[in-house]
Amino acid sequence: MLKLNAALFALVLACGGSLMAQTPPMGGYQDAAYSTGTAYGDQIESFVLKVGTTTLMSNLNTGGAAYPYNTFYSAITPGNMVPGSSHSVEVQPGSAYSQYFTAWIDYNNDGDFLDAGEQLGTTANITHPTYGVITFVPPSGVGGVRRLRVRAVWNTAGPHDPVVSYSYGEAEDYLVNLGFAISTSSPLPTAAQGSAYNQNIQATNGTLQLGAARDGNAAPGHHGFTVRQQPASVGHAHDGRHVQLQRHCQ
Ligand SMILES: [Ca+2]
Ligand SMILES: [Ca+2]
């Protein structure tokens, strides 16, 4: 096992098997409440998350969700953020009414958006079709999948509270990935008996845990890994590390 950072991800490699990234369960968040919500068109029309000018994830033209006016888009693949780099949450209000926006990320993964640094920022009153832009830099050393929330509030300047009830508006939650980004192909190729090969894995953050499955043969050393960590930032512009994994199947 090679620890790069806090234990939030587990990467499991099996001889001839597949490569998986496991994340902790994400749930238990108190909803962002509204009394009237989207009934008159106060809504988040479109959401985009960018690093620099590159779009990491987007959810466009969603209109306004019905009661309770908040939606957790858990099926959308989390955008792979780059800790230490400038990102932006960009949100467009519906055409009916202008909106103020505030966004958060639960960096410490404790089920709320109240800790220091978790409020990413707030916007002025934004009128369709303009996007409100909240720029922020996610900290290094977080690692893992995290909940992002953005909410629109009519006629009340931010920063807003992440959960208390406002009259008009809409909230949307997403998952974002502050863990390592795996640049290798998945599943791993199958090594022949007695052979070895190198597998390069790029980790931008978080923890890399390497384990060998024994596929029926419990003899010690039947499957083994040799892990070599190369210097940081080899061939890459961001703060990633290179880990070279050499797998032996005997
Ligand atoms: Ca919406
Ligand atoms: Ca928190």
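## An open four-stranded sheet

Let's start with a sheet in this predicted model. Four strands form an open sheet in the order β5-β4-β8-β11, and their pairing is antiparallel. Strands here are DSSP runs of E at least two residues long, while helices are runs of H or I of at least four residues, and both are numbered from the N terminus. Two strands count as paired if DSSP finds at least two bridges between them. At the edges stand β5 (54-59) and β11 (132-136); each has a single partner strand, so one side of each is left without a neighbour in the sheet. From one strand to the next, the twist averages 20°, with axes being lines fitted to C-alpha atoms and angles running from 0 to 180 degrees between N-to-C directions.

Now look at one pair within the sheet. Strand β4 (residues 44-51) runs antiparallel to β5, and five bridges join the two. Here V51 stands opposite T54 in β5. As background, strands of a sheet pair through backbone hydrogen bonds, either parallel or antiparallel.

The protein chain has 16 strands and zero helices. Of its 250 residues, 35% count as buried; a residue is buried if 20 or more other C-beta atoms lie within 10 Å of its own, exposed if 12 or fewer, and partly exposed in between, with C-beta atoms placed from the backbone. Among the contacts with a separation of 6 or more, 73% are between residues 24 or more positions apart. A contact means that the C-beta atoms of two residues, placed from the backbone, lie within 7 Å.

The average pLDDT is 73, and 60% of the residues score at least 70; pLDDT is the predictor's confidence in each residue, from 0 to 100. Over residues 181-199 the pLDDT stays under 50, and the model has 38 contacts beyond four places in sequence for them. Residues 202-250 also have a pLDDT that stays under 50, with 124 contacts beyond four places in sequence in the model. Where pLDDT is low, the predicted coordinates should not be read in detail.

## The nonpolar core

The largest nonpolar core has 32 residues, and V89, F101, A103, V150 and V176 touch the most other members. Such a core is a set of buried Ala, Val, Leu, Ile, Met, Phe, Trp, Tyr and Cys residues joined through C-beta atoms within 7 Å. Two or more residues each come from β4, β8 (87-93), β9 (100-105), β12 (145-153) and β13. In soluble globular proteins, nonpolar side chains tend to be buried together.

Take V150 as a guide: beyond four places in sequence, V150 is in contact with I44, F47, V89, V91, F101, A103 and E172. Leaving out residues up to four places away in sequence, V91 touches I44, F47, F101, Y131, G132 and V150. The C-alpha atoms of V91 and A152 are 8.8 Å apart, although 61 residues separate the two along the chain.

Strand β13 (residues 166-177) contains A171. This alanine is buried, because it has 26 C-beta neighbours inside 10 Å.

## Backbone details in the loops

Most residues other than glycine have a negative phi, and most peptide bonds are trans. A cis peptide bond joins H128 and P129, with omega about 5°, and P129 lies in the loop between β10 (119-122) and β11. Another cis bond links G158 and P159, with omega about 0°; P159 sits in the loop between β12 and β13.

N61 is not a glycine, yet its phi is positive at about 55°. This residue belongs to the loop between β5 and β6 (70-72) and is exposed, because 8 other C-beta atoms lie within 10 Å. N109 also has a positive phi, near 60°. It lies in the loop between β9 and β10 and is partly exposed, with 18 other C-beta atoms within 10 Å.

## Reading notes

Residues are numbered from 1 along each chain as its sequence is written, and chains are lettered from A and ligands numbered from 1 in the order in which they are written. In this predicted model, local features need pLDDT of at least 70 and side-chain atom pairs count only at pLDDT 80 or more, while totals for chains, interfaces and linings use all residues.
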